[in-house]
Amino acid sequence: MKQKTLEYRIKNIIQLISLPLIVFVVMNVLDLSIAGTRTVSTITDLKTLLRTGLTCYCFALALNCNLLSGRMDLSAGAQMYMGCVFGGNLALQLHLGGVGILVLSMAVGALCGLLVGLLFVNLRILPMVLGIGMTLIFECFSFGAYNQQGLMIYGKSGVSILSNVTFILTVAAALLLIMTFLFQYSSFGYKRRAIQGDQKLASDAGINIFVNCVICYTLAGALVACAGVFDTAYKGSLTPVLGMSSNGSVFSNMFPLFLGVFIGTYVGNPILGVLSGAVSVRLLILGLSKLSMEGSVQNIIVYSLFLIFMIYRMNVDKFSYAKKKRERIRLAQQTRQAV
């Protein structure tokens with residue numbers, strides 16, 4: 001029994017790391033043959049991969065909170081701006097350093113998510129429509145605050161910890177453990193999976209679907225703010241936007257989400273799967289950047305792969321049926337030959 005359990009865990013680990021490893025090897029070969037450099041050749045490349053990977057992971061987890069339950073929250077990007085602009089600047093004014101920026105940004109982001117969640121369960125507006133409206137409101141607030149300067153942390157004292165490899169890995173490990181517990185082992189996660197299966201049956205079984213929904217929105221707000229902090233640490237500043245431009249963050253992180261959920265079906269843990277998907281996508285983008293490709297060309301390649309992946313996911317049953325049909329035909333031919 002112990003041997004079977006060990007073999008199962010080893011199999012899960014192999015399935016978890018296989019895609020990031022394949023992407024790394026392929027991009028490394030391409031970068032060496034075309035550009036003459038490795039995908040991760042310096043400590044700067046490693047820090048870039050870790051920071052952007054953690055940003056992608058946090059945002060994909062935030063989308064995972066609502067999207068898989070049928071709620072498309074388009075205001076997630078605007079919540080990120082609200083959390084970072086207000087929470088980050090407040091932390092700078094209080095001289096709380098990088099850790100304070102992270103904590104207060106996540107707190108403000110959680111409050112924004114809580115507000116959207118409460119409005120949704122009380123007004124019963126379609127999630128996408130509500131998301132569009134809240135996006136415009138949040139963008140205006142974050143744009144108008146602090147003289148339209150957003151959040152500037154470049155050169156600020158005490159914020160260098162946000163670029164520290166050990167701190168980034170610690171935050172990633174903490175998020176992995178906390179979100180795994182919440183989504184896989186807590187009563188909240190059990191109720192959420194029941195709601196995903198059938199909302200009406202879950203409600204009839206006594207599950208308060210509205211409380212669970214509000215918690216999901218609150219978690220998503222905190223996670224996108226966390227993503228925004230590390231994205232700001234990577235870029236040095238966060239400039240507020242208008243005209244629903246913040247939605248770009250939502251759509252750009254859907255590929256890691258769906259890829260991670262697909263991997264999670266094999267390893268039995270969607271949180272670990274999303275981590276694998278986020279690392280894979282960021283390795284792909286880092287490898288493409290080493291080829292001196294423009295951002296638009298990189299987006300074409302990444303979104304094309306996303307489209308191909310979604311086409312496969314939507315038709316996987318057809319592929320499975322065709323495979324079983326070929327097996328039945330082959331078996332019938334073998335039986336006829338034996339007779």
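Student: In which helix is N66 found?

Tutor: N66 is found in helix 2, residues 43-66; helices here are DSSP runs of H or I with at least four residues, strands are runs of E with at least two, and both are numbered from the N terminus. The model is predicted: local features need pLDDT of at least 70 and side-chain atom pairs count only at pLDDT 80 or more, whereas totals for chains, interfaces and linings use all residues. Residues are numbered from 1 along each chain as its sequence is written, and side-chain values use heavy atoms, with hydrogens and water left out.

N66 has a relative accessible area of 3%, so it is buried (buried is under 20%, exposed over 50%, partly exposed in between, with a 1.4 Å probe and protein chains only). Apart from neighbours within four places in sequence, N66 is in contact with R71, C213, C216, Y217 and A220, contact being heavy atoms within 4.5 Å.

Elsewhere, helix 3 (residues 76-93) and helix 5 (residues 127-144) have axes that come within 8 Å and cross at roughly 25°. That angle makes helix 3 roughly parallel to helix 5 (under 35 degrees is roughly parallel, over 145 roughly antiparallel, 65 to 115 roughly perpendicular and the rest oblique). The axes are lines fitted to C-alpha atoms over the stretch in contact, with angles from 0 to 180 degrees between N-to-C directions. On the helix 3 side, A78, Q79, Y81, M82, V85 and F86 meet T135, F138, E139, F141 and S142 of helix 5.

The structure holds 10 aromatic pairs, where rings of Phe, Tyr and Trp (its six-membered ring) pair if their centres lie within 6.5 Å, with planes under 30 degrees apart stacked, over 60 edge-to-face and the rest tilted. One of these pairs, F183 with F188, is edge-to-face, at 5.8 Å centre to centre and 85° between the planes; F183 and F188 are both buried. The rings of F258 and F306 have centres 6.2 Å apart and planes at 25°, so this pair is stacked. Since F258 lies in helix 11 (residues 254-267) and F306 in helix 13 (residues 295-314), the pair ties together parts that are 48 residues apart in sequence. F258 is partly exposed, with a relative accessible area of 23%, while F306 is buried at 13%. Both F258 and F306 belong to one aromatic cluster with F255, F262, Y266, F309 and Y312.
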